Amino acid sequence: MGVLYEDVVVIRHAEKPGDSTVITVNCPDKTGLGCDLCRVILLFGLSISRGDFSTDGKWCYIVFWVVDKPTTRWHLLQKRLLEVCPSYFSTSDIDYYRPENQQPKEPDVFLLKFWCSCDRKGLLHDVTEVLFVLELTIKRVKVSTTPDGRVMFLFFLTDSRELLHTKRRQEETIDYLTAALGDIIISCEIDLAGPEFTACSQGAPFLPSEITEDIFSLELPNGRPSGFLSFNPVSVTMDNNLSPSHTLVRILCQDHKGLIYDIMRTLKDYNIQVSYGRFYASSKGSCELELFIMQADGRKLIDPSKQNALRSRLRMELLRPLRVGVVSRGPDTELLVANPVELSGRGRPLVFYDITLAFKILNTCIFSVEIGRHMIHGREWEVYRILLDEGECCSLPRKKVEEGVRNRLMGWE
């Protein structure tokens, strides 16, 4: 007999202020399940303060303690977590560690195009927040301001509810935008994206050389460049003596938004399976993790070169989970944010949401935005290029812009 569908994901709410909400997942296992679950939790803006997970290779039991938020849509979160859990009825004939069995159908991409009569501080974030509430995932964005002050928005979207092809869902989206933006919205339309999506996906044909070498480096240099978090010590050690069948990975680091997702994403990309693990974040911001891992063939990680490669990548992802830099673009100032893409093709969620929120808090206008994907050093990156409003960038130091965006992305507000 199996478990009831509603028992696969159970959410026990905090009983008093300050307590954590406990999310329990009890389902068949698959490679990368921890990464997928952490990504959903991050998508809802929640922080994991503690975690405990174990598996026998076929069935897993995972517990997350998350910091409660009054705006969290818990029923929807439960639904989205269920969607990434393998079905109980697939356990009789599934190969649990075959990632190709887990690849979902690619969702349709839609183009949301609208004009506003004028720009204002926080406008782009207000739009992004509406799309977030509607569960519309932003794949690409292009925003530009005309000489007469009008603003054109091109959002390439996918719909978590898979209803954006319907007239009712399109009308709902337009109504929400109209309510949020008021009289400044001139026109708005939604259509299935065509060849323009492919063109927009490529991003700018080049990136500044100084950015490419510093921001996208996959090596840990002896001297830390400015983009590194020098106050964030990271320790990653491995031990093959404590378990006859697993390698123990110990990680000590500073907490940041999406920490567990960053670790699980890295292990998923390396096709590493976690059989048991626990995580704890202290009130002072330090984190401790212990993970018993094995390779896809069911063996320990013995090879020193493989150990060094995984250790180096984990340290890099914890020191620089996102890359942020401010550069000159002619007479203007441009902010670049680079988001590493999983091998599955998905980027870190809510990056654009946090960027636009940071600019709103900094009281700074955005002149134009481009989002594209680039293959750099053999790895795919989602690159956000934000050109600051020329009149505003002079009044705000570059360092403050960079720090404000980075702190928002890392959850250090």
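Mentor: We will take the terms one at a time, and please remember that this is a predicted model.

Trainee: What does the protein chain contain in helices and strands?

Mentor: The protein chain has 11 helices and 16 strands. Of its 413 residues, 52% count as buried.

Trainee: Let me start with one residue. Why is valine 405 called buried?

Mentor: Buried means under 20% relative accessible area. Valine 405 has 0% relative accessibility, so valine 405 counts as buried. This residue belongs to helix α11, residues 398–410.

Trainee: What is valine 405 in contact with, leaving aside its neighbours within four places in sequence?

Mentor: Contact needs heavy atoms within 4.5 Å. Val324, Leu335, Val337, Ile355, Ala358 and Phe359 meet that for valine 405. Look also at leucine 357: it is 48 residues from valine 405 in sequence, yet their C-alpha atoms are 8.5 Å apart in space.

Trainee: Now the helices. What makes α1 and α2 roughly antiparallel?

Mentor: Angles over 145 degrees count as roughly antiparallel. The axes of α1 (residues 33–43) and α2 (residues 74–84) cross at roughly 160°. Therefore α1 and α2 are roughly antiparallel to each other. Their axes come within 9 Å, and the crossing is right-handed.

Trainee: Which residues of α1 and α2 meet?

Mentor: From α1 come Leu33, Asp36, Leu37, Val40 and Ile41; from α2 come Leu77, Arg80, Leu81 and Val84. These contact residues divide into 7 nonpolar, no polar and 2 charged.

Trainee: How do you know that α3 is largely enclosed by the rest of the structure?

Mentor: Count its buried residues. In α3 (residues 123–133), 8 of the 11 residues are buried, so this helix is largely enclosed. They are Leu123, Leu124, His125, Asp126, Val127, Thr128, Val130 and Leu131. Their cover includes β5, β6, β7, α4, α9 and β15. Just after α3, glutamate 135 takes a positive phi of about 60°.

Trainee: On to the sheet. What is the order of its 8 strands?

Mentor: The order is β8-β5-β7-β6-β15-β16-β14-β13, in an open sheet with antiparallel pairing. The twist averages 25° from one strand to the next.

Trainee: Why do β8 and β13 stand at the edges?

Mentor: Each has a single partner strand, so one side of β8 (185–192) and one side of β13 (323–329) are left without a neighbour in the sheet.

Trainee: What makes β13 and β14 a pair?

Mentor: Two strands pair if there are at least two bridges between them. β13 and β14 (residues 332–340) have 7 bridges, in the antiparallel sense.

Trainee: Why is β14 called largely enclosed?

Mentor: The count settles it: 9 of the 9 residues of β14 are buried, so this strand is largely enclosed by the rest of the structure. Asp332, Glu334, Leu336, Ala338 and Pro340 point one way, and Thr333, Leu335, Val337 and Asn339 point the other way.

Definitions and conventions: Residues are numbered from 1 along each chain as its sequence is written. This is a predicted model: local features need pLDDT of at least 70, side-chain atom pairs count only at pLDDT 80 or more; totals for chains, interfaces and linings use all residues. Side-chain values use heavy atoms; hydrogens and water are left out. Helices (H or I, at least four residues) and strands (E, at least two) are DSSP runs, numbered from the N terminus. Buried means under 20% relative accessible area, exposed over 50%, partly exposed in between (1.4 Å probe, protein chains only). Axes are lines fitted to C-alpha atoms, for helices over the stretch in contact, and angles run from 0 to 180 degrees between N-to-C directions. Angles under 35 degrees count as roughly parallel, over 145 as roughly antiparallel, 65 to 115 as roughly perpendicular and the rest as oblique. A crossing is left-handed if the near helix is turned anticlockwise from the far one by less than a right angle, and right-handed if clockwise. Ala, Val, Leu, Ile, Met, Phe, Trp, Tyr, Cys and Pro count as nonpolar, Asp, Glu, Lys and Arg as charged, and the others, Gly among them, as polar.
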